[in-house]
Amino acid sequence: MSTLLTQVIPNSSTSMAPTFLLVGMPGLSAAPSWWTTPLIAVYLLSALGNSTILCVITLEPTLHRPMYFFLFLLSVSDIGLVTSLMPTLLGLALADAYIVPASACFLQMFFIHVFSVMESSVLLAMAFDRALAICRPLHYPALLTNGTVKKIGMAIAFRCLGLHMPLPFLLAHMSYCRPQILTHSYCLHPDVARLACPGAWGAVYSFSVVLSVMALDPLLIFFSYGLIGRVLQGVGSSEDRWKAGQTCAAHLSAVLLFYTPMILLALINRLKLPLPQPAHTLLSYVHFLLPPLINPVLYSVKMKEIRERILKRFQPKKVGYTQ
């Protein structure tokens, strides 16, 4: 590691950064094969689970409804996110590839944040979908038409691509006054932007984009669930409350799974809590790797329609024999 530092630190002048130095999970560099196996397993299971959701929704006409369209987008974002993380994670695990070229770093950073913002936006859209279905059940079909859903999908695409397209170019042309040593095993633009020279307005833009999404979305999601909770309090039958709550259980679990590690990391950084680096790194891994792995399980278990269609598609067909 010391030789790597000497290769990177001299680049910490007021110039564009040609390379960055990644940080692996402390203690795992001595046993890379042990680290590789869980990484590959997480990726394959995530890809398999989300691909199954995508196939079932695509092939079943009865699932071509707004709620399942958003679930389709969630699975797309999960596959994209876990795929974007793998190059540097597997590079560290298999080849101790701590040094990453700036161009590759910015490319990975772009895709990680596009799919992260896509996931956050889809979770927000799903929260509004559940709020409309429970709070305005009679108006729901008229409000959430196919045309409205397409517009929401286009807005999500613009939010992901339009806001984040300038970031790699801005960071690529900024001057860096600090050693290009990142604090994660992958490239994140707040991590890169903090290395820039003071007064770099591109760093300000990158922080504002991240905060506008990752701070606003959870607030709006929990506001939607506040409306749902108020409506459910007025429902007389406990059985009806239970059924309505079950329709939100998978989504609420996905929301907590995605945002809790991120909020904890933000609080730790903001309050400057003395958290060991391995715990900090582990929280980051949980935030990015666990939702793509767990979300298909959550929706398969909690959503009866998805579970039944999966069983129907993958159960062996009985072959009849004629005498």
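The legends below describe close-up views of one predicted model. Residues are numbered from 1 along each chain as its sequence is written, and side-chain values use heavy atoms, with hydrogens and water left out. Because the model is predicted, local features need pLDDT of at least 70 and side-chain atom pairs count only at pLDDT 80 or more, while totals for chains, interfaces and linings use all residues.

**Figure 1. The protein as a whole contains 13 helices and 2 strands.** Helices (H or I, at least four residues) and strands (E, at least two) are DSSP runs, numbered from the N terminus. Of the 323 residues in the protein, 46% are buried, where buried means under 20% relative accessible area, exposed means over 50%, and partly exposed lies in between (1.4 Å probe, protein chains only).

**Figure 2. A disulfide joins Cys 105 to Cys 187.** A search of the whole structure finds 1 disulfide, and its S to S distance, between Cys 105 and Cys 187, is 2.1 Å. The pair links distant parts of the chain, 82 residues apart, with Cys 105 in helix H4 (residues 102–135) and Cys 187 in the loop between helix H7 (166–172) and helix H8 (189–193). The link of Cys 105 and Cys 187 is left-handed, with -125 degrees about the S-S bond, and both cysteines are buried.

**Figure 3. Helix H4 passes helix H12 (residues 277–302) in a left-handed crossing.** The axes of H4 and H12 come within 12 Å and cross at roughly 35 degrees; these axes are lines fitted to C-alpha atoms, for helices over the stretch in contact, and angles run from 0 to 180 degrees between N-to-C directions. A crossing is left-handed if the near helix is turned anticlockwise from the far one by less than a right angle, and right-handed if clockwise. The contact (heavy atoms within 4.5 Å) is made by Ile 112, Ser 116, Glu 119 and Met 126 of H4, together with Phe 288, Pro 291, Asn 295 and Tyr 299 of H12.

**Figure 4. Helix H6 (residues 146–164) has 19 residues.** Among the buried residues of H6 are Val 149, Gly 153, Ile 156 and Cys 160.

Terms used
A disulfide is a pair of cysteine sulfur atoms within 2.5 Å. The expected span of a helix is 1.5 Å times one less than its number of residues.
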